[in-house]
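Keep the sequence and the 3D view open while reading.

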Amino acid sequence: MTRPDLDEAIGKAERHAPFLRRLIARRGDVVDRLAAEGLGETLAFAQAEADAEKDDALALRRQRQAVALAVALADLGGAPLETVTRALSDFADHALDRAIRAAIRERGGGGNADGFVALALGKQGSRELNYSSDIDPILLFDPRTLWCRPREEPGEAAQRIARRIVELLQQQTIEGYVLRVDLRLRPAAEATSLAVSIDLAIAHYESSALPWERAAFIRARAAAGDIAMGAAMLDHLRPFVWRRGLDFGAIGELRDLSRRIRDHHGRIRAPAPGYDVKRGRGGIREIEFFAQIHQLIHGGREPSLRAPATLDALAALSAAGRIDPAEAGRLSDTYRLLRTIEHRLQMVEDRQTHRLPEDPAALDDVARLAGLDGGAALIALLAPATEAVGRLYDALEADGAAPLPGIPSDLAKLLADHGFPDPAQAAARIDAWRSGQTRTTRSAAAREALEKVLPTLIAALAEAADPQAALLRFDDLVGRLPSALNLFRLLEARPSLLGLLVRVLALAPALAADLARRASLIDGLIDASALAAQPAAPALAAMLRRGEAGEDYQGLLDRVRADVGERRFALGVQAVAAAADPLAVGAGYGRVAEAALDVLATATIAEFEKAHGRIVGGELVILALGRFGGGTLTHASDLDLVYLFTGDFMAESDGARPLGATHYFNRLASRVSAAMSVPTPSGPLYEIDTRLRPSGTQGLLAVSLDSFERYQAESAWTWEHMALERARPVFGSQSARAALAGIIDRALRRPRDAALLAVDVAKMRADMAVHKPAAGPFDVKLIGGGLIDAEFAVHLLQLRERIGITPDLAVAAVDLEAAGLLAPGFADALALLTRMLIVLRLVAPGGAEPPEPSRALLAEACAHANWDDLLLAYDAARALIGGEWRRVAGIGRGVDP
């Protein structure tokens with residue numbers, strides 16, 4: 001800081017802060033060094049001076065004087081809030097660490113702190129300490145490694161160490177004190193000693209911890225003593241803090257705590273003399289809780305949101321789209337303002353206070369320390385900022401609706417008014433939930449949460465095309481849950497989800513079945529990003545790779561399955577909610593599958609190489625065919641894969657258990673298929689179909705690129721070359737993918753006998769019609785004039801004319817239409833049937849006519865005004881495709897199979 005800034009800061013301190021005035025008089029050496037060298041060098045000097053002093057208590061007190069004075073003057077001179085709080089926090093860490101080591105050394109234990117750690121919570125944990133803050137450590141010991149005197153129990157030794165630490169830090173002497181220490185945040189503080197064994201602490205947090213303790217651990221950090229031991233414990237407790245499943249009960253607990261704090265400390269709700277800048281409405285604590293609530297909601301899925309510091313957390317939440325950037329900016333600005341005023345309050349007499357003075361002169365002193373004209377200007381500055389924060393925080397909790405009638409007959413009457421066709425049955429179902437007859441609503445907490453959400457639930461069900469069916473599916477969902485408590489709390493906290501949930505339950509049996517198996521899928525819909533397009537496959541793969549530190553292979557499989565399951569469910573909801581074109585949804589399904597394959601294949605290869613090493617010069621390459629090759633999937637699609645490998649098939653791997661190349665890549669391919677398809681506790685992922693590989697089920701699972709090329713040139717049947725029309729390399733190095741693409745291109749562009757080709761293709765389609773007939777009038781894939789006929793027509797033309805060779809069937813159809821080889825409108829007809837297929841797989845997967853409530857949805861998704869218009873378009877599309885298939889194949893002109 002410049003000399004003028006320092007002189008101005010000294011002037012403010014001497015006029016308005018008696019504590020600082022006394023320090024300036026006592027520690028002129030600190031002022032001189034600050035003027036000559038700046039804050040960083042002054043703090044380093046204070047550290048060196050303390051290190052040279054053998055008396056621990058004296059050293060820490062003298063260092064605290066220097067830190068308090070230097071930081072205060074830098075703060076008054078304009079140093080950023082983050083610089084100030086970091087310097088104070090670093091000193092607290094150092095002081096706590098020295099006190100721990102001193103307490104152990106005084107007992108004869110040497111200078112190390114093995115087996116004893118201080119976890120910093122609160123503002124010390126997030127390195128945001130305020131000027132006169134106390135610290136809230138949790139002191140833990142490991143009885144297996146803590147140094148003890150002969151015949152001394154580790155627990156008793158730990159208590160003596162803890163008592164001495166507190167004495168060293170907070171005992172008032174002629175030199176002052178170091179830090180006030182509050183140990184009430186330790187596990188089960190009412191029943192445990194000052195230092196808690198690490199085993200007892202872990203058992204507490206894993207079994208009986210309260211929700212506020214989870215929030216406290218957002219900012220937990222191993223700060224002093226045996227850092228490695230503390231860090232290992234925090235790693236172990238990460239699932240306790242950051243739960244993948246959303247726990248809106250914990251969010252409610254934080255809100256209740258905030259209300260109690262307001263009631264207790266908020267007798268003056270708006271800035272005025274006596275207002276509490278920390279605990280009052282719109283104060284520091286509400287900004288912190290606002291960030292922590294959103295971190296607890298989203299941080300289990302998004303590690304980037306786990307920032308301990310409030311300003312960092314707000315920035316991360318804004319960057320991730322979890323809170324509005326303008327709101328994040330407003331909260332951050334107000335946080336800096338309130339923390340700055342908090343520091344000014346505490347500088348006056350080094351008191352841990354957060355209240356604006358009620359005495360006008362004292363309030364003026366605080367204001368002038370902040371560079372304002374007086375108390376009135378300070379109140380005017382704080383009022384609009386805290387009011388904005390208070391409104392944002394209040395908006396986290398919506399007012400509840402009026403409760404439903406408790407008498408079943410009255411409830412049935414209300415349900416009849418809401419349009420339920422069988423209100424008595426609906427009332428009986430609801431009464432079963434309310435009375436605890438349903439297993440998952442037997443607890444009082446679950447029934448209490450149910451009552452809060454019932455009014456909005458019934459209103460949402462009433463909006464469904466078939467309220468009764470939606471209610472029955474919701475009943476099935478509730479009955480399958482281990483507990484319905486968290487579902488009810490989620491729906492209460494996010495009422496906007498109810499509309500989506502009811503639409504899914506009413507219209508999409510495929511998605512409803514997914515929910516019944518895994519209710520946590522709804523967690524992925526908590527904000528609007530669930531209805532956004534999935535990113536490109538490489539970006540999505542990068543997101544899927546972001547796991548926890550130290551995550552093992554099985555953990556990765558479970559996490560990716562859970563993430564992919566949520567994304568596929570969200571894509572289905574996009575289609576059902578008419579939030580996206582079904583073609584975009586299908587492409588999204590394809591990108592998710594490609595990213596999942598990329599991540600799981602890469603991880604499986606790494607795991608396989610641990611045992612068997614690598615094949616030098618060889619790699620696994622994966623070819624996608626069918627819908628996956630074309631890049632557009634449905635909710636129910638399996639993945640058609642062909643496994644290939646590069647390099648010398650005679651080579652051998654270089655690991656501890658070497659394998660020959662062919663055996664190596666076949667076993668590896670089997671492992672990849674298992675990673676993609678074997679169910680884990682997080683559910684199944686994809687069905688994998690490898691029957692399109694060379695020689696089908698009789699051939700090897702994985703063959704070399706050379707063998708694949710020979711097979712395609714010498715042995716492949718016409719249908720296998722048709723399958724190659726939708727082939728796309730989806731895994732492997734760029735060079736390997738390019739080599740494989742070249743093989744495919746050469747196979748597809750070779751000259752063919754047009755007449756023989758037409759006969760082969762027509763016979764294949766006739767055989768398929770016999771062995772796989774359409775399941776119903778809306779089996780748009782297999783029905784005459786459906787997608788299979790369209791695919792056969794396109795593939796026959798691609799092979800015969802060598803035009804439109806691309807795995808994307810829609811693009812190929814456009815190219816062939818442009819070349820005059822397909823009738824105008826063919827590509828549009830293909831698009832209509834594809835849209836219908838994607839939506840029908842969700843709403844009527846059996847191929848029968850979709851139920852009445854789903855017809856409007858299907859028509860809207862296909863851009864038609866109503867069901868009748870869609871039927872006309874469907875018939876016209878089938879007629880066009882069927883006619884083009886017969887014309888292209890020559891059926892009826894002497895080439896019928």
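## Starting point: Asp182 and Arg184

The side chains of Asp182 and Arg184 form a salt bridge, with N to O at 2.7 Å. A salt bridge here is a side-chain nitrogen of Lys or Arg within 4 Å of a carboxyl oxygen of Asp or Glu. Asp182 is buried, at 13% relative accessibility. Arg184 is exposed, at 63%. Buried means under 20% relative accessible area, exposed over 50%, and partly exposed in between (1.4 Å probe, protein chains only).

This is a predicted model: local features need pLDDT of at least 70, side-chain atom pairs count only at pLDDT 80 or more, and totals for chains, interfaces and linings use all residues. Residues are numbered from 1 along each chain as its sequence is written, and side-chain values use heavy atoms, with hydrogens and water left out.

## Other salt bridges

The whole structure holds 58 salt bridges. One of them joins the side chains of Asp93 and Arg221, at 2.8 Å from N to O. Asp93 sits in helix H6 (residues 81-106) and Arg221 in strand E4 (residues 221-225), so the pair ties together parts that are 128 residues apart in sequence. Helices (H or I, at least four residues) and strands (E, at least two) are DSSP runs, numbered from the N terminus. Both Asp93 and Arg221 are buried.

Glu342 and Arg339 also meet through their side chains in a salt bridge, again 2.8 Å from N to O. These two lie three residues apart in helix H15 (residues 325-347), so about one helical turn separates them. Glu342 is buried, and Arg339 is too. Elsewhere, salt bridges with shared partners link Arg107, Glu152, Glu156, Arg160 and Arg163 into one network.

## Strand E4 and its partner

E4 is mostly covered, with five of its five residues buried. Strand E1 (residues 116-120) runs antiparallel to E4, and four bridges join them. Two strands pair if DSSP finds at least two bridges between them. Leu119 stands opposite Ala222 in E4.

## Loop residues

Tyr275 lies in the loop between helix H12 (248-265) and helix H13 (284-298). Tyr275 is buried, with a relative accessible area of 0%. Its side chain reaches the backbone oxygen of Arg281 at 2.8 Å.

Most residues other than glycine have a negative phi. Arg151 has a positive phi, near 60 degrees, and sits in the loop between strand E2 (137-141) and helix H8 (154-170). Asp350 has a positive phi as well, near 55 degrees, and is found in the loop between H15 and helix H16 (360-369). Arg151 is exposed, at 85% relative accessibility. Asp350 is buried, at 10%.

## The largest pocket

What is the volume of the largest pocket? About 1600 Å³. On a 1 Å grid over the protein atoms alone, a pocket is an open set of points with protein on both sides within 12 Å along at least five of seven lines, while a cavity is a set where a 1.4 Å probe fits but cannot get out; lining residues have an atom within 4 Å of a point. Grid points are joined across faces, edges and corners, and a volume is the space filled by probe spheres set on the points.

The largest pocket is lined by 41 residues, with Leu692, Trp719, Ala723, Met768 and Phe792 nearest its centre. Helix H33 (754-771) is among the helices that each supply at least two lining residues. H33 gives the largest share, eight residues. By class, the lining has 19 nonpolar, six polar and 16 charged residues. Ala, Val, Leu, Ile, Met, Phe, Trp, Tyr, Cys and Pro count as nonpolar, Asp, Glu, Lys and Arg as charged, and the others, Gly among them, as polar.

The structure has four cavities of 30 Å³ or more. Helix H5 (56-76) and H6 each supply at least two of the lining residues.

The second largest cavity holds about 70 Å³. Among the residues that line it are Leu692, Trp719 and Ala723. Its largest share, four residues, comes from H31.

Note on methods:
Polar contact = N/O pair within 3.5 Å; in protein donor to acceptor, adjacent residues only side chain to side chain.
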